[in-house]
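Visitor: I am new to reading protein models. Could you walk me through a few features?
Guide: Gladly. Ask away.

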Amino acid sequence: MFNEMHLRELKKISEEFISQDFVGSSPLSWMMYIKTNLPNLDLDKGNFSSDTLNRKRLYDMSSNSSLSNLDFSMNVLSWGGMRRTHGVSCLNNFSDWEPLIEKLRSGSIDRSEAYLDFSFIRKSGKLKGMGPAFFTKLIFFGHPDHNGFIMDQWTARSVNLLLDTQLVKMISQKNGSSSVSDFNNEIVYEKFCRTIEDLTSKLNNITDPKITEEIIFSNGGKGEKKGKWRRYLLKET
């Protein structure tokens, strides 16, 4: 199922795994920009840190019933480094997708259903500025099981490389990067998530698919600061 050469490299890199540090934009700064452009949003400034976030903070936020769906969503989007102008676009219609965030946080919807619902809202024109790379971040952090994995360019390209096939449809950008196509449906997303779960059983000393996802997500940065897997991925794709 997996390309043995690429899997061997991932195994080697996974043995040196260090959890991702604090990344993204300052949630407070990001929120203040959104608030300036969408003053009618009901936001609690106290729920936004001036420092960047890590994954554990977002896991904790998801289960914090005192944190509104809006404040939770904005913390996730700032962690993901969403462009602020895109944040304004998608949050302008927050009332149209807030019920889906509620379902996710309550665990009353599974990952495939959530992906289908987000795709439907996007096709209706009420999710401008937020495609699969970002709404799967909301699925991942929002659901109590955290088993709907992030499908952005790094994880999607990784899965495609490891499988030796274009499971996830990608769109090439002029700057050499790529983005996840809207033409990926919930069936593709389910296969993507199951691939990460299957991959976990192939790695040494890794038993949690969330860690596997984090390994192939890898780290950004320039030169040696860039994660080893991301450097390998860029060389091979």
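**Reading salt bridges and the core**

Guide: This model is predicted. By the rule used here, it has twelve salt bridges.

Visitor: What lets side chains pair like that?

Guide: Side chains of opposite charge can pair when their charged atoms come close. Take Lys228 and Glu16, whose side chains meet at 2.8 Å, N to O. This pair links distant parts of the chain, 212 residues apart. Lys228 lies in helix α12, and Glu16 in the loop between α1 and α2.

Visitor: How many residues apart are Lys56 and Asp60?

Guide: They are four apart in helix α3, so about one helical turn separates them. Lys56 is exposed, at 54% relative accessibility. Asp60 is partly exposed, at 40%.

Visitor: Asp152 also pairs with Lys137. Is Asp152 buried or exposed?

Guide: Asp152 is buried, at 7% relative accessibility. Lys137 is buried too, at 4%. Their closest N and O atoms are 4.0 Å apart.

Visitor: Which residues form a network of salt bridges?

Guide: Arg111, Glu190, Arg194 and Glu197 are linked that way.

Visitor: Where do nonpolar side chains tend to be in soluble globular proteins?

Guide: They tend to be buried together. The largest nonpolar core here has 71 residues. Trp97 is among those with the most contacts inside it. Trp97 touches residues including Cys90, Leu91, Phe118 and Met130.

Visitor: How many disulfides are there?

Guide: The count is zero. Cys90 and Cys193 are each buried, at 0% relative accessible area.

Note on methods: Residues are numbered from 1 along each chain as its sequence is written. This is a predicted model: local features need pLDDT of at least 70, side-chain atom pairs count only at pLDDT 80 or more; totals for chains, interfaces and linings use all residues. Side-chain values use heavy atoms; hydrogens and water are left out. A disulfide is a pair of cysteine sulfur atoms within 2.5 Å. Buried means under 20% relative accessible area, exposed over 50%, partly exposed in between (1.4 Å probe, protein chains only). A nonpolar core is a set of buried Ala, Val, Leu, Ile, Met, Phe, Trp, Tyr and Cys residues joined through side-chain atoms within 4.5 Å. Contact means heavy atoms within 4.5 Å. Helices (H or I, at least four residues) and strands (E, at least two) are DSSP runs, numbered from the N terminus. Lists of a residue's contacts leave out its neighbours within four places in sequence.
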